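Dear colleague,

I am passing this structure on to you, and I would be glad if you could look through it before reading my notes.

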Amino acid sequence: MWRLGDSKAQEKGGQGVETLVFWFVVWVAPFVLGLTLVVTARLVFLNALAVQQQDELAETKRELRELRWRLEKSVPPAELAGPATPAPEEGRP
């Protein structure tokens, strides 16, 4: 029966389970864990950035609505439309 660290398995070119577990624990697991942490940190950062941009967009929309309201209240509608007849162009025969 094959056991952990079986010398016959190692003689046949196998590395043995202990060696594979060691390499996994020392190299693969930290890499995967680090990659997971980096991806998670970037997602958290991007989510916070998106929320900030949504807040800024909402503030800009609010400011534009206020400016439009002030413009509508300060200028009579007839003046917003412009003159009823166009001004004559000078220098035209």
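**Confidence and what was found**

In this chain, confidence is lowest in helix α1 (residues 7-11), where the mean is 53, and highest in α2, where it is 90. Please bear in mind that the model is predicted, and that the chain as a whole averages a pLDDT of 79, with 66% of the residues scoring at least 70. Where pLDDT is low, the predicted coordinates should not be read in detail, so I would ask you to treat helix α1, with its mean of 53, with that caution in mind.

As for the overall fold, the chain has three helices and zero strands, and its elements, taken from the N terminus on, run α-α-α.

Helix α2 covers residues 17-74, and with its 58 residues it reaches 82 Å from its first C-alpha to its last, which is close to the 86 Å expected at 1.5 Å a residue. The helix does bend, however, by about 40° at Phe24.

The aromatic residues deserve a careful look, and the structure holds two aromatic pairs. In one of them the rings of Phe22 and Trp23 have their centres 5.4 Å apart and their planes at 75°, so this pair is edge-to-face, since planes over 60 degrees apart count as such. Phe22 is partly exposed, at 45% relative accessibility, and Trp23 is likewise partly exposed, with a relative accessible area of 43%. In the other pair, the rings of Trp23 and Trp27 have their centres 6.3 Å apart and their planes at 20°, so these two are stacked. Trp23 and Trp27 lie four residues apart in helix α2, which means that about one helical turn separates them. Trp27 has a relative accessible area of 55% and is therefore exposed, because the cut-off for that class is over 50%. Taken together, the ring pairs link Phe22, Trp23 and Trp27 into a cluster.

Turning to charged side chains, how many salt bridges does a search of the whole structure find? The search finds one, in which the side chains of Arg62 and Glu59 meet at 2.9 Å, N to O. Both of these residues lie in helix α2, three residues apart, or about one turn of the helix. Arg62, with a relative accessible area of 43%, is partly exposed, and Glu59, with a relative accessible area of 34%, is partly exposed as well.

With best wishes

Key. Residues numbered from 1 in each chain as written. Predicted model: local features only at pLDDT ≥ 70, side-chain atom pairs only at ≥ 80, totals over all residues. Heavy atoms only, no water. Salt bridge = Lys/Arg side-chain N within 4 Å of Asp/Glu carboxyl O. Helix = DSSP H or I, 4+ residues; strand = E, 2+ residues; numbered from the N terminus. Buried < 20%, exposed > 50% of the residue type's maximum accessible area, 1.4 Å probe, protein only. Phe/Tyr/Trp six-rings, centres within 6.5 Å; stacked < 30°, edge-to-face > 60°. Expected span 1.5 Å × (residues − 1). Bend = angle between axes of the 7 residues up to and from the residue. pLDDT = per-residue confidence, 0-100.
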